[in-house]
Amino acid sequence: MEPLYILVIALTAFLISFLLMSLTRRPSNKPNEEQKKILEVIKCVNCGFEEKTSFKADDYVGKNVGKCPKCGGDLIVAGIYLEKYQQAEMKV
Amino acid sequence: MDGTQDWSSILLAVIILSSFVLNFTDIPQKMQFWRFSSVVRRRIYELNELENDGRRKSIKYLKDLNVPNPKELIENYVDNFFMISPVDIEPTDIISRLRHLLRTRDEAVKRYVIENLKNISDEVRQKIEVMLELNSILTFINKVVKHYYNLGVKYNDWVLMMRLALDVNQIYLLAKAYNNAIEAFGVGAPIGDGAGPLVVRTLANSSEEREIVPETVVYESSFENRRIYVVKAKGPGPTVGRPGEALEKLVNELDGKIARIITVDAALKLESERSGEVAFGVGAAIGDIGPEKIAMERIATKYSIPLDAVVVKMSNEEAITTMTKEIYDGVLKAVDVVKNIIRSKTKEGDAVVVIGVGNTLGIK
Ligand SMILES: [Zn+2]
C-alpha cells in the first residue's frame, strides 16, 4: 500500500475522533440536584442549652427569641447558616 | 496512468494547498475569530439574562419594602454615583483625599435613597443601598464585556476576541455570584463576609452596645479576667461600618492602654484551600482600599500595640451569599483561635480590642 494512503487514513481518523471528542465533551447542563435550607443555632445564655431550628425572616444573630425550656434563661440566636443537602447523583 | 497514481497526485495537491492556506493566509484566524466570537455572544446573552433577572428580583424585593417606584429608583442609580480615584503621582495626603471622596460618595448615595423614600429606618436604607449597588455592578460587568466584544469585532482583533472568550466564563461566574447575592441580601441572613462580625459577636457576652462612630459599635465584655472591647459594624443591617476610625477613637479614649489588637476578617481562599479554613498572622486583616486599614496600622504603631490578624477563608461567591455550614464551622474555629491568642499572649487584667471586619448583615 502506498504510504500516502496510510497517512490520509490516519489523518481522517484523527480528525473524526477529535470532532467526536469535542462534541461529547460539551458540558452537560444538568441542574445541580441540591436542596438548601437556612438553619438557626439558638443558645441559652445561662446553661448552654442549644437547639437548631429553621430560619425565620427578620431574625438576626443576637436576637432574643424566648426563654430556655430548661432553666428559664434568655434564648439568643447564636448563628445562622445555609445547610446544603447534596442529593445522590442520578446516573442513567 | 493508473488510478492509484491519479489519487495520490490529487492528494498531494490538496496537502500542499491546505498547508499554503494554513501558513500563508489569515483564514484559520478568521475561523477562530468566528468561533470565539460566537462563544462570547452566547455568554453576553446569558449576562443580559443575569442582569435582567437581578433587576426583576430587586424590584420585587424593593416592592416588599414598600418602595413606591423601584424601577426608576434602580434605573436612576445604575451608571451614576461613580467615584474618580484621587491623584496618586503626588501621594501626599492621598489617604485623607481618598477618605473624603469615599465619604462624599456614601453621603450622596444615602441622600439619594432618603430623598426618594422618606422616613425609613437605617436598616432598610442600607438594604436598599446594597440592592442598588449590586444592580450597578451587574450592569457594569455586562457593559465591559460588550465593550471588548464590540472592539474585537470593530478591529477584527482575533487576539482580543480569543482572550475574551477564554476569560468570559470566569466573568460569567462572577456576575452569577452577584446575582445570587441579590437573593442573599433579600433573605437577610448573615453572608460569608459576616464571618468577622460573627466571630467577635460571639465574644461579646453582653448586648449593651455603644455607637462609637457612625454605623460602628463597641461592646465591653470580659474573658478570663481580661477586659475585651469588641468592635464591629452596627447590625443587623448590611453595613461594614468604619472599623479603622472606631479603633482609632477607642484606643485614644483609653490612652493606648491596650495589650493587643486582634482583627478578624474573611479572606479570599486559594483554589486549593478549603472553605472555612482558619489562619492567623500579624497585621490589619481588612479588605479596605486604604483609609480604614491605614487608620488601624497607624494607631497600633503610635502606641506600639501588637496587631494580630485572624482570617476565615472562603471564595468570592461565598463571601457575598448566605453563610454556608463550612464557613460557620470556620467561625467557631476562629473564635477558639482568638481566645487562644488572648490566653497565651496577654496577662490577666489586660485590655484587648477585638475587631470583626466585614458586612454585618443579620448580625446585631
Ligand atoms: Zn438554659
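In which helix of chain B does I15(B) lie? I15(B) belongs to helix α1, which spans residues 3-24 of chain B; helices are DSSP runs of H or I with at least four residues, strands are runs of E with at least two, and both are numbered from the N terminus. The model is predicted, so local features need pLDDT of at least 70 and side-chain atom pairs count only at pLDDT 80 or more, while totals for chains, interfaces and linings use all residues. Residues are numbered from 1 along each chain as its sequence is written, chains are lettered from A and ligands numbered from 1 in the order in which they are written, and side-chain values use heavy atoms, leaving out hydrogens and water.

**Chain A**

- Chain A contains 1 helix and 4 strands, in the order α-β-β-β-β from the N terminus on.
- Of the 92 residues in chain A, 22% are buried (buried means under 20% relative accessible area, exposed over 50%, and partly exposed in between, with a 1.4 Å probe and protein chains only).

**The zinc site**

- The zinc ion has as protein donors the SG atoms of C44(A), C47(A), C68(A) and C71(A), lying 2.3 Å from it (donors are N, O and S atoms within 2.8 Å of the metal, or 3.2 Å for Na, K and Ca; water is not among the atoms, so sites may look incomplete).
- The arrangement is tetrahedral because the 4 donor atoms subtend angles of 104 to 114° around the zinc ion; four donors count as tetrahedral if all angles lie between 85 and 135 degrees.
- The spacing of the donor residues in sequence is C-x2-C-x20-C-x2-C.
- C44(A) lies in strand β1 (residues 34-44) and C71(A) in the loop between β3 (64-67) and β4 (74-86) of chain A, so this pair ties together parts that are 27 residues apart in sequence.
- C44(A) is buried, at 5% relative accessible area, whereas C71(A) is partly exposed, at 40%.

**The surface patch**

- L7(A), L11(A) and I15(B) form a nonpolar surface patch with about 240 Å² of accessible area together.
- I15(B) is partly exposed, with a relative accessible area of 32%.

**Annotated spans of chain B**

- An unreviewed UniProt entry lists "transmembrane region" for residues 6-25 of chain B; this span is 95% helix and 0% strand, and its end C-alpha atoms lie 28 Å apart.
- For "domain: DUF1512", UniProt (unreviewed entry) lists residues 12-185 and 191-363 of chain B; such annotations may be inferred rather than shown by experiment.
- Residues 12-185 of chain B are 82% helix and 0% strand, with end C-alpha atoms 66 Å apart.

Terms used:
Patch = residues over 30% accessible without salt bridge, like charges linked within 9 Å, V, L, I, M, F, W, Y side chains within 5 Å. Areas by Shrake-Rupley, 256 points an atom, 1.4 Å probe, with all protein chains shown as cover. Salt bridge = Lys/Arg side-chain N within 4 Å of Asp/Glu carboxyl O. Tetrahedral: all angles 85-135°; square planar, octahedral: opposite > 155°, others 65-115°.
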